[in-house]
Each structure stands twice: as structure tokens, then as C-alpha cells.
Amino acid sequence: VFREIAVPAITKVGIKEESILTAEHGLEALNFLEGLQDGNPDDAIVMLLDVNMPVMDGNTCAKKVRALEAEGKLRRLPFLVCCSSGVEQVTFGAPGDIYDITMPKPFSDKEVDLVLKKAKEWWNELSGSGGGAFRGGAGSS
């Protein structure tokens, strides 16, 4: 259900549907991520994780990605999580947090726009050039 809502909302803010990869669960999202590491290093990757994914939930997936980053096996990635419990508005994480951005579930198109603009700003700062391609990926249940 999450994908059915997230993908149209993401395309409304200008990300092409063919640039959006979806996964059934966190383990599949990790496998996608591994394959994307061989792609163009100037492409941004945004992972939209649902905390309630089957097989591997979003929190476990995010912790595994952060561990791979700490080991130097991945470049730094922003994470977005939809969380239905206790999240009422978009919030931005602090250094060391598992998630860079947390958004409520259900979410509005306005919230998706805000989150993706912030992720794009982050990527432009990280890439130093401000010109890297921006691609979004969604992992969801």
C-alpha cells in the first residue's frame, strides 16, 4: 500500500517514475542498493523506508546500511521513513541519527515535496558541484 501512495507523490515533484525502484521488503532494498553502488557516482540515491516492511523492517534495513557506511562500503545516503506512530510532521535528524528525515504516515504531496527538496539540497552540498543527478528510490511494504 505504501508504494501505491509514495510513487505517485514522488512523481508529482518531478522525479521520473523510471528512476524509482521499489522493493517488497528491506532485504530486497539492500540488494538494490548494492547494485546501485556500481552506477554513476554522481547520481543521488534516496531510500524511502517504511518501518513496517515485511522480512526486514525499515529500521533494521537503515541500521544495516549505516553499518555498511561505517565500514566504508557505501557512500553516505539520506534516509526517509514513513512512521505512523507519533510522527505528526516532517522532522530532520541530527548527525548520528539512523534517519536523516522522518515524515508522517499518511503524508501529503506537500510533505513529499519538502522532504525531496531537502534531500536534493543535501545531495548538492555533498557532491560539491550542485550538479549531480538526483534519483529517488523507494523501499516499502
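A residue is called buried when its relative accessible area is under 20%. By that criterion, the buried residues of helix H1 are Phe2, Arg3, Ala6, Val7, Ala9 and Ile10. The model described here is a predicted one. The protein contains four helices and six strands, and their order along the sequence is α-β-α-β-α-β-β-β-α-β.

**Overall features**

- Of the 141 residues in the protein, 43% are buried.
- Among contacts in the protein with a separation of 6 or more, 60% are between residues 24 or more positions apart.

**Nonpolar cores**

- In soluble globular proteins, nonpolar side chains tend to be buried together.
- The largest nonpolar core in this model comprises 17 residues, and those with the most contacts inside it are Ala6, Ile10, Leu48, Met103, Phe107, Val112 and Leu116.
- At least two residues of this core come from each of helix H1 (2-12), strand E2 (43-50), strand E5 (101-104) and helix H4 (109-127).
- H1 provides the largest share of this core, with five residues.
- Another core, of 16 residues, lies apart from the largest one and includes Ala23, Ile45, Val51 and Val81.
- When neighbours within four places in sequence are left aside, Ile10 is in contact with Ile15, Ile20, Leu48, Val112 and Leu116.

**Packing of helices H2 and H3**

- Two packed helices are described by the angle between their axes and the distance between the axes.
- For helix H2 (residues 26-36) and helix H3 (residues 58-70), the axes come within 9 Å and cross at roughly 30 degrees.
- Angles under 35 degrees count as roughly parallel, and H2 and H3 are therefore roughly parallel to each other.
- The crossing in which H2 passes H3 is right-handed.
- On the H2 side, the contact is made by Gly26, Ala29, Leu30 and Leu33, while H3 contributes Cys61, Lys64 and Val65.

- Thr102 is found in strand E5.
- Thr102 counts as buried because its relative accessibility is 17%, and the cut-off for buried is under 20%.
- Not counting residues up to four places away in sequence, Thr102 touches Val81, Val87, Gln89, Val90 and Thr91.
- Asp97 is placed in the loop between strand E4 (91-92) and E5.
- With a relative accessibility of 36%, Asp97 counts as partly exposed.
- Although Asp97 and Lys63 are 34 residues apart in sequence, their C-alpha atoms are 9.9 Å apart in space.

**Backbone features**

- Most residues other than glycine have a negative phi, and most peptide bonds are trans.
- Val55, which is not a glycine, has a positive phi of about 65 degrees.
- The position of Val55 is in the loop between E2 and H3, and its relative accessibility of 67% makes Val55 count as exposed.
- Lys105 and Pro106 are joined by a cis peptide bond, with omega at about 5 degrees.
- Pro106 is located in the loop between E5 and H4.

Key:
Residues numbered from 1 in each chain as written. Predicted model: local features only at pLDDT ≥ 70, side-chain atom pairs only at ≥ 80, totals over all residues. Heavy atoms only, no water. Core = buried A, V, L, I, M, F, W, Y, C linked by side-chain atoms within 4.5 Å. Buried < 20%, exposed > 50% of the residue type's maximum accessible area, 1.4 Å probe, protein only. Contact = heavy atoms within 4.5 Å. Axes fitted to C-alpha atoms, helices over the stretch in contact; angles between N-to-C directions. Parallel < 35°, antiparallel > 145°, perpendicular 65-115°, else oblique. Left-handed = near helix turned anticlockwise from the far one by under 90°.
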